[in-house]
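Welcome, and thank you for taking a look at this one with us. Please have the sequence and the coordinates open side by side as you read.

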There are 2 protein chains.
Amino acid sequence: VYSPGTRFINGLWVIGSDLMNLMRSKHQSTNQSTVNDEMLFLTDLLPAKNGEEPTMQFLLEVVEILTNYVRKTFDRSTKVLDFHHPHQLLEGMEGFSLDLLDQPESLEQILVDCRDTLKYGVRTGHPRFFNQLSTGLDIIGLAGEWLTSTANTNMFTYEIAPVFVLMEQITLKKMREMVGWPDGEGDGIFSPGGAISNMYSVMIARYKHFPEVKTKGMTAAPRLVLFTSEHSHFSIKKASATLGFGTENLILLKTDQRGRVIPDDLEAKVIDAKRKGYVPLFVNATAGTTVYGAFDPINEIADICEKHNIWLHVDGAWGGGLLMSRKHRHKLSGIERANSVTWNPHKMMGVPLQCSAVLVRERGLLQGCNSMCAGYLFQPDKQYDVTYDTGDKAIQCGRHVDIFKFWLMWKAKGTEGFEQHIDRCLELSTYLYQKIRNRDGYEMVFEGEPQHTNICFWYVPPSLRGLRDVEERRQRLHKVAPKIKAMMMESGTTMVGYQPQGDKVNFFRMVISNPAANRSDIDFLIDEIERLGQDC
Amino acid sequence: VYSPGTRFINGLWVIGSDLMNLMRSKHQSTNQSTVNDEMLFLTDLLPAKNGEEPTMQFLLEVVEILTNYVRKTFDRSTKVLDFHHPHQLLEGMEGFSLDLLDQPESLEQILVDCRDTLKYGVRTGHPRFFNQLSTGLDIIGLAGEWLTSTANTNMFTYEIAPVFVLMEQITLKKMREMVGWPDGEGDGIFSPGGAISNMYSVMIARYKHFPEVKTKGMTAAPRLVLFTSEHSHFSIKKASATLGFGTENLILLKTDQRGRVIPDDLEAKVIDAKRKGYVPLFVNATAGTTVYGAFDPINEIADICEKHNIWLHVDGAWGGGLLMSRKHRHKLSGIERANSVTWNPHKMMGVPLQCSAVLVRERGLLQGCNSMCAGYLFQPDKQYDVTYDTGDKAIQCGRHVDIFKFWLMWKAKGTEGFEQHIDRCLELSTYLYQKIRNRDGYEMVFEGEPQHTNICFWYVPPSLRGLRDVEERRQRLHKVAPKIKAMMMESGTTMVGYQPQGDKVNFFRMVISNPAANRSDIDFLIDEIERLGQDC
């Protein structure tokens, strides 16, 4: 009955041709003969009278473009990107102009715009895209996002998002169970990304210890200081600036050569701060740093926080996913002692962007910290249990539905499916590590088996291998990764990140979160670095 | 050639049946016979080997569910919602459980989950959904969101979002031109909603006048005070709490009976604050208040701000769309004198959620305020012009692509299409106003023609019409709107918001932003209120 192959594709092409015919023939029976009259426009779609058929046809045309893109994304013979400089795209490519006009474009042109937008973009789901912590294109997650867009609602009240609000509640509870809080008790919210989730954690800590800041401002509190490691994400620094602490009141902690906080340094700095009359409010421990993928020793940090009555936040934006793996969750040992946790399913768990949660151990703080009791949204006299309205917990008013795709993926994979995905990514990074650790021309940025999928390394081109002058070598090595990366992007074959860190010159940071990647892609990356880098 | 009707729908049903057959027959040739082996799972989809056909089939099944939903959304014979209480949905409806398990569900069940999620939700695009400022389901916007989900990338760098970053730049410039800044000069960013956009404006004002707060915290500044009207959105209050000003340092301004700021009250309060030694930093003028739809007199406010060197922000989250209308843009007269503007295309302009911009007149402030120069993202030694990387302007790290749907809608409608939409919504609200202003049983909350599409009114049921006791009448009237709203939701026929405001008891706030609504829907709403309210 079912014949695989191109039949469905053909089917859609036939439908596509129908739309074109419809577009061109629509007004043939009328006397008008201008060009525009032969084309369909937005005004022919729903809610227009008789708009249903053109609407269905148009949406199917779009879906054809999108499904073609999905197929190509997973096809290793396609490029990861077709790079153009800003001025090239701004000048306009053939048939594709970014300019916005007073007059409408035809639906036919809109479809061209859609195709070209994808053509000049980057295939973040391509098996050879390793450039960010968020990679991959999960089909269930994608379907979830399509549905979310179609439902087009807002998380602020149960009234208009009943199912999504409950899904969020249930999913947050599961996440808290994975963290290890008894019965999954506590609170939380999905926010527009890890930086905002981390900002929430600082706000809640402040509210817990100095609730009067909400009404009286920061001047009502003593000088408050925050602690995080040199290797932590810059969002902690952003939060300290945004919330009125000031970046100078964020104290950076030393790390070992693997990028993990040295607990003794924390304790010394806490004591020092207290001696100066400052009040240590908040410690951020990172579970999976951005560059090295390091896991701070949470238990030892928690001991210090408990002793000095400091809020402990764990930024597991990147590493939180490992909680789903029985093999790797020990790296977050102690996380159950945290007061709050950031965990981004849109990173290691492959959920489409954006999907980030902040989890809070104590109930009521989120609400207490952020509630302003807006009468027009959170009427107390609704007919349902209004404790399900989430809007007053948020710093936002409208809040995008980020939960459905994640919930649907959890349904489709089961907890065990996430576990398999994570174990597989870590195995693949071990494969890369084993492959290059002793390979000619490679130097590892830190010693020992990486804790996460981050593999940090220098590629040393042949011309630098015999170089004795240490400073000249450093300076030249610093330029290698950017040069290789630029060539990679021009050729469009693969993408991987690079950066300096502290006194270390530019090195590659390889990360694996893409379920489509396999060993052949790792081999390809290494071949490509060597091919492009050989003359550097 | 083209026969309208159900052919395409049938076509998809055939394809659907194919998936079911595929699901059931997949393992028939093997010896395994457990139930699971007869079904398809996520693991059969891409990137699985031979995953392409099941992936395409699955996505088409999803699209069929979604297009059916779209058709029904515009069909007035369907309900706006099928209301259930939280406990009912939590207990589980037949075949639909919200619980997350360790084991995966089959794709067949995933499709059921998708169908049921939509079934128990609210059709925010339905012509009779008037509950929020964001309503409607724009087909081009929907297509744009589907594409955005498929591209699944991140706005922080040009590197991985080249086209979207440029679209954002071009669109922000167009918006600044509409505001009236010379040559559209200035800066801006799309943020996750109007509350965050408003928060940005306060942050930037602070950075402009007291840049040292970024490093030293709020204690480095004198006591700063902010001003906004009693009728303004609660997000200004949230910002004052979040950013460390304290809500007590937000001074509320009196309004006239139409909900517009009284400029004399602003000037008096500014002078009073200065006399107390406080520093007036920021004034928010609202263009389109949430409840009354009032437009503060921007020019008069701007005079005061200029005189006292205070940052002027215009919160046009709701009213900004009127800038697109030659007929109505005079209501925002003076907006070109603002230092910053919030404008949410996801409200009056019908763009799917989320789509909110903050516009800033002075270049460089956003960057200066928020930059932390994260080395792993914003490498200075990239091969392209890195001024196109937007990430360091944001308080976020990852940032969702909110621009594409808006850009695509602008292409498809043209500026003139937005103008027509806005003029039409305002005409429709005038129709409602004319219909009820002298109708038996209706009382307007404020006198005179509304400025925006907000129509605020009490419905007075027959039993209250002859009531002389003012206080009893107030108390009973307060309960009417919630009671009618509850019945509306139970019957699922329409939805409209209500709230008290100041000393005014619960009244209905009707708003029109839905392009699908027409006069028949307004008539329906009034009939429905009278039908449901007659025995209140």
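The notes below go through the symmetry, the interface, the aromatic and charged pairs, and some backbone details of this predicted model.

## How the two chains are related

Let us begin with the overall arrangement. Two copies of a chain are related by a rotation about an axis and a shift along it. Here, chain A is superposed on chain B by a rotation of 180° with 0.0 Å of shift along the axis, and the RMSD is 0.0 Å. The two copies are therefore related as by a two-fold rotation axis.

Which residue of chain A comes closest to the rotation axis? That is L243(A), whose C-alpha lies 2.1 Å from the axis. The same surface serves both copies, as 100% of the contact residues of chain A recur in chain B.

## The interface

## Aromatic pairs

A pair of aromatic rings is described by the distance of the centres and the angle of the planes. Over all chains, the count comes to 39 aromatic pairs. One of them is formed by W146(A) and W146(B), which are stacked, with 5.8 Å from centre to centre and 25° between the planes. This pair crosses between chains: W146(A) is in helix α5 (residues 139–151) of chain A, and W146(B) is in helix α5 (residues 139–151) of chain B.

## Salt bridges

Side chains of opposite charge can pair when their charged atoms come close. The count over all chains is 62 salt bridges, and 10 salt bridges are found across the interface of chain A and chain B. Among the salt bridges is the one between E248(B) and K216(A), with an N to O distance of 3.1 Å.

Another is made by the side chains of E159(A) and K485(B), at 2.6 Å from N to O. E159(A) lies in the loop between α5 and α6 (162–179) of chain A, while K485(B) lies in helix α16 (residues 480–491) of chain B, so this pair joins two chains.

## Backbone details

Most residues other than glycine have a negative phi, and most peptide bonds are trans. Where does the model depart from the trans form? In chain A, a cis peptide bond joins L353(A) and Q354(A), with omega about -5°. Q354(A) is in the loop between β7 (340–343) and β8 (356–360) of chain A. In chain B, a cis peptide bond joins L353(B) and Q354(B), again with omega about -5°, and Q354(B) is in the loop between β7 (340–343) and β8 (356–360) of chain B.

One more residue is worth a visit. N152(A), which is not a glycine, has a positive phi near 40°. N152(A) is found in the loop between α5 and α6 of chain A.

Technical notes
Residues are numbered from 1 along each chain as its sequence is written. Chains are lettered from A and ligands numbered from 1 in the order in which they are written. This is a predicted model: local features need pLDDT of at least 70, side-chain atom pairs count only at pLDDT 80 or more; totals for chains, interfaces and linings use all residues. Side-chain values use heavy atoms; hydrogens and water are left out. Copies are superposed by least squares on the C-alpha atoms of residues with pLDDT of at least 70 in both. Contact means heavy atoms within 4.5 Å. A salt bridge is a side-chain nitrogen of Lys or Arg within 4 Å of a carboxyl oxygen of Asp or Glu. Rings of Phe, Tyr and Trp (its six-membered ring) pair if their centres lie within 6.5 Å; planes under 30 degrees apart count as stacked, over 60 as edge-to-face and the rest as tilted. Helices (H or I, at least four residues) and strands (E, at least two) are DSSP runs, numbered from the N terminus.
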